[in-house]
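My entries follow in the order in which I worked.

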Amino acid sequence: MTRAPERIPTGRIAPLSRLPTFFALRGKRVIVAGGSAAASWKAELLSAAGAQVEVFVPEPDADMLALADAPPDGAVVIQRRNWSANDFDGAAIAVADCPNDQVAAQFAAAARNAGVPVNVIDRPAFCDFSFGAIVNRSPLVIGISTEGAAPVFGQAIRAKIEALIPQGFARWAAAALAWRPLLRTHALSFRSRRTFWERFTARAMAAPDRTPDEAELDALLAAAPHAGGSVTLVGAGPGDPELLTLRAVRALQSADVILFDDLVSTDILDFARREAKKMLVGKTGHAPSCRQDDINALMISLAKSGRCVVRLKGGDPMLFGRADEEIAACRAAGIPIEVVPGITAAQGAAGRLLISLTRRGEARRVQYITGHGRGGALPADIDWTSLADPAATTVVYMPTKTLPDLVDAALKAGLAPKTPAIAVASATRADERVIAATIADLPGRLAAEWLAGPVVVMIGRVFDHLQSGNGELALPPNHDPLPLAK
């Protein structure tokens with residue numbers, strides 16, 4: 001059964017509690033009312049953004065006076081009086097620290113009457129905009145908002161991001177700001193410009209602490225005109241989007257077109273550029289699927305038109321993902337191709353179950369096999385002696401239809417009937433399900449309990465230690481214990 005590739009429309013954005021925007025304040029006049037420590041901090045932020053800050057406070061404290069003497073950027077001028085309605089004329093924004101709601105309402109009304117956006121510190125009911133926690137790698141600036149509900153939480157997130165974003169990114173962002181006008185003077189195509197910035201980003205990620213120089217710019221410009229279409233095979237992992245590699249995320253964010261399978265978790269697509277075309281080229285066992293030749297032809301056609309194509313596959317593309325056929329097709333067509341590995345389902349399932357598949361003293365090796373041959377039946381060339389080896393942990397991909405035949409052949413080859421086995425459906429996802437039994441009983445259990453999503457079966461004595469004294473499987477807290485069939 002076949003089906004045609006299908007374009008999937010981009011979903012609507014989820015509701016936002018606040019619209020994140022960034023004011024351009026350099027050289028613009030802003031108003032700050034109040035002399036508290038909070039008002040001083042807001043005045044410092046506004047000065048750092050290049051604003052000309054007027055502070056209205058009858059008796060400024062030492063911090064405000066020190067800020068006026070040595071502002072971080074834009075001037076800070078102290079007006080030793082209270083504000084009046086006329087002071088809002090020509091202001092870009094207005095900020096105040098007010099002692100009560102009555103004063104806050106008066107300040108907000110005066111600002112709005114003058115058409116000036118207003119923020120009253122710690123009084124969200126009177127605010128048109130808010131200040132979030134800031135990660136400063138200017139000109140790269142990251143703002144974090146919790147809508148005022150949990151400032152401490154916002155600060156904790158800021159600290160986490162601070163640890164992840166190298167200080168050197170400020171230099172790369174400054175270089176991007178300086179080089180963008182120069183790039184416009186070169187008659188580059190859209191694809192070439194995008195390639196320039198993709199390679200710029202790759203260099204920044206690889207060497208964040210290096211200062212980009214003119215030689216870097218020349219090298220990037222020299223390579224940009226030769227940019228053409230490409231294909232990247234990307235492993236989407238078993239489903240949990242947090243298991244994506246950084247390189248996979250970068251590939252998704254650079255893609256013009258994403259060709260993905262049914263088994264790819266839709267949460268993964270949220271990492272893609274919103275403008276990217278997303279096409280379902282479904283390949284699932286025992287269901288209508290796109291022909292591999294059609295997928296290859298579509299992939300090559302898109303790349304030849306200059307598109308950056310991501311072929312997104314569940315798990316790892318190099319394990320039972322027909323990667324060799326797609327690589328061969330791209331090479332034959334002269335299309336550049338690369339592979340971004342992913343966490344395969346066996347690794348994801350073992351991690352969730354807290355099981356080492358190579359537990360010392362129990363397993364000498366791990367072997368991956370498929371239960372699905374070219375015609376849909378059990379492959380005829382499985383090494384049954386190897387599968388029956390008690391020192392091996394075996395992972396069976398695409399096992400659902402052929403598991404009874406596989407188990408029957410393995411038992412005849414000497415696999416112990418009481419060998420523990422686990423079937424995991426939708427590994428690492430929110431709807432993950434686990435069925436545990438001896439290998440002799442697992443096919444019956446799997447038939448009795450229909451499991452949605454991709455399934456892997458894992459066989460081996462490494463699962464012995466999960467049995468408790470009452471014959472049940474002691475799974476980690478994130479799973480419901482299921483009885484171990486005897």
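I count two strands as paired if DSSP finds at least two bridges between them. Helices (H or I, at least four residues) and strands (E, at least two) are DSSP runs, numbered from the N terminus. I note that this is a predicted model, in which local features need pLDDT of at least 70 and side-chain atom pairs count only at pLDDT 80 or more, while totals for chains, interfaces and linings use all residues. Residues are numbered from 1 along each chain as its sequence is written, and side-chain values use heavy atoms, with hydrogens and water left out.

Entry 1, the sheet. I traced six strands in an open sheet with mixed pairing, in the order β1-β11-β10-β12-β9-β13. The edge strands are β1 (6-8) and β13, each of which pairs on one side only. From one strand to the next the twist averages 25 degrees (axes are lines fitted to C-alpha atoms, for helices over the stretch in contact, and angles run from 0 to 180 degrees between N-to-C directions).

Entry 2, strand β9. Which strands does β9 pair with in the parallel sense? I found six bridges to β12 (residues 308-313), where threonine 232 stands opposite valine 310, and four bridges to β13 (residues 337-340), where valine 234 is partnered by valine 340. I then checked its cover, taking buried as under 20% relative accessible area, exposed as over 50% and partly exposed as in between (1.4 Å probe, protein chains only). Six of the six residues of β9 (residues 230-235) are buried, with Ser230, Thr232 and Val234 on one side and Val231, Leu233 and Gly235 on the other.

Leaving aside its neighbours within four places in sequence, asparagine 296 is in contact with Glu325, Glu326 and Ala329. Its side chain also makes a polar contact of 2.9 Å with that of glutamine 292 (a pair of N or O atoms within 3.5 Å; within protein, one must be able to donate a hydrogen and the other to accept it, and residues adjacent in sequence count only if both atoms are side-chain atoms).

In α10 (residues 323-333) I listed Ala323, Glu326, Ile327, Ala329 and Cys330 as buried. Seen down the axis, these residues fall within an arc of 160 degrees, so they line one face of α10; the arc is that of the directions from the helix axis to the C-beta atoms. Asp324, Arg331 and Ala332, on the other side of α10, are exposed. What covers the buried residues of α10 includes β9, α9, β12 and β13. After α10 comes glycine 334, with a positive phi near 75 degrees.

Conventions
Contact means heavy atoms within 4.5 Å.
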